[in-house]
Amino acid sequence: LALILATGVGILALADIASTNDVNGAILLTLGLVATSSLRNRAREEAMDTQLHDVLQTTATMLTRMPARLDELESTVESTQRALTESSFIRVLHGAEVGVALEEARRNTDRWVFKGGTGTFLRAVTLPECVSIARRKKHAMHLQLEIIDPTDEKVCGSYAQFRRSLADQPDVTGEIWTVDRTRKESYATVLAACWYRWRFSFVTVEVGLSSVMTTFRWDMTPHRLIITQEDPQFPAMMLEPGKYYYEIYSRELMASMRQSRQVPISHLDHAGLSDEPTVDETRKLFTELDLPIPRAFTDRDVTEIISKALQPKNPY
């Protein structure tokens, strides 16, 4: 505005249109406008200086706190990285992937550790296939099995109730889970382990009987650990050796086996089993193993145990 006013008055003075008094008045007005503009600029600069000072002070405060926050950030990053790394150690299996993983595990192992309920799938699939592969490859096979104690009616009752809570209808074997069935299934697993131990000298077996049931089924080899549940609809977990959780669960299985009631399989060195064990042989075997069959079990019940041991049905 001052520039326009000075230019306009100058033009009028040169054209002799404006008088000297008018020019002098215009000069004063122009100087006033310039002074006003200078004062406004100074006020703006002071405000900017104040804002800049506040920003610098805030920045300084943040910089003083930065090391602590960097430590927190570093800790958070490390925790996140560790969680992601550990989660990569566990592979979740769904549906048919579980069967494929178990099949691969059986194909490439000379040691099998099992912990579960009564070992129905173990008898039907794991035991015969592991022994068959070991025979074909001509290598030793060691089996460590932990199942619920068939002489403990309380734990057998708890297991039967648990299985019925999952499905109260007969399974693919055509049976429902009762205390008697649970006991027979566990007896059958022990008999199957003894039978394979007696027939094949390259097979060694450890059997532990637990008074506490588990809702998981653990199958571990030197190459992988597969954790499944009784209901095949639920996903399974697979862990590899050399990883954190594999070592932890390996120790857990070892500790659990040590706390279980050990079945003296070594007694088999002095006792024999026929290719098709008889009722009397079976009763005698369990008596020598300090696992006498209940008196309430008839010869028909013992025959059913023998059938479950040597001609098992795959429950899945």
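Visitor: Which residues does arginine 123 touch, not counting residues up to four places away in sequence?

Guide: Please bear in mind that this is a predicted model. Arginine 123 touches Thr118, Pro128, Glu185, Ala188, Thr189, Ala192, Lys308, Ala309 and Pro312. Arginine 123 itself has its place in helix H4.

Visitor: Does one call arginine 123 buried or exposed?

Guide: The term buried applies under 20% relative accessible area. Arginine 123 has 4% relative accessibility and therefore counts as buried.

Visitor: With which side chain does the side chain of arginine 123 make a polar contact?

Guide: The partner is the side chain of glutamate 185, at 2.4 Å.

Visitor: How do the axes of helix H3 and helix H4 cross?

Guide: For a pair of helices, one reads the distance between the axes and the crossing angle. The axes of H3 (residues 96-107) and H4 (residues 120-137) come within 9 Å, and they cross at roughly 35°. On the H3 side, the contact is made by Leu102, Arg106 and Arg107; H4 contributes Phe121, Val125, Thr126, Glu129, Cys130, Ile133 and Lys137.

Visitor: In what order do the eight strands form the open sheet?

Guide: The order is S1-S7-S6-S5-S2-S3-S4-S8, with mixed pairing. Strands S1 (90-93) and S8 (261-263) stand at the edges; each has a single partner strand, so one side of each lacks a neighbour in the sheet. From one strand to the next, the twist averages 15°.

Visitor: How many bridges join strand S4 to S8?

Guide: There are three bridges between S4 (residues 203-210) and S8, and the two strands run antiparallel. Glycine 208 stands opposite glutamine 262 in S8.

Visitor: Which strands does helix H6 touch where it packs on the sheet?

Guide: Helix H6 (residues 179-199) touches S3 (141-148), S4 and S8, and the direction of H6 makes about 160° with that of S4.

Visitor: Why is the chain said to be more spread out than a compact globule?

Guide: One begins with the inventory: the chain has nine helices and eight strands. Its radius of gyration is 42 Å, well over the 20 Å that the globule rule gives for 316 residues, and it is therefore more spread out than a compact globule. Along the principal axes, the C-alpha atoms fill a box of roughly 145 × 40 × 35 Å.

Visitor: What percentage of the 316 residues count as buried?

Guide: The figure is 38%.

Notes:
Residues are numbered from 1 along each chain as its sequence is written. This is a predicted model: local features need pLDDT of at least 70, side-chain atom pairs count only at pLDDT 80 or more; totals for chains, interfaces and linings use all residues. Side-chain values use heavy atoms; hydrogens and water are left out. Axes are lines fitted to C-alpha atoms, for helices over the stretch in contact, and angles run from 0 to 180 degrees between N-to-C directions. Helices (H or I, at least four residues) and strands (E, at least two) are DSSP runs, numbered from the N terminus. Contact means heavy atoms within 4.5 Å. Two strands pair if DSSP finds at least two bridges between them. Buried means under 20% relative accessible area, exposed over 50%, partly exposed in between (1.4 Å probe, protein chains only). A polar contact is a pair of N or O atoms within 3.5 Å; within protein, one must be able to donate a hydrogen and the other to accept it, and residues adjacent in sequence count only if both atoms are side-chain atoms. The radius of gyration is taken over C-alpha atoms; the globule rule is 2.2 Å times the number of residues to the power 0.38.
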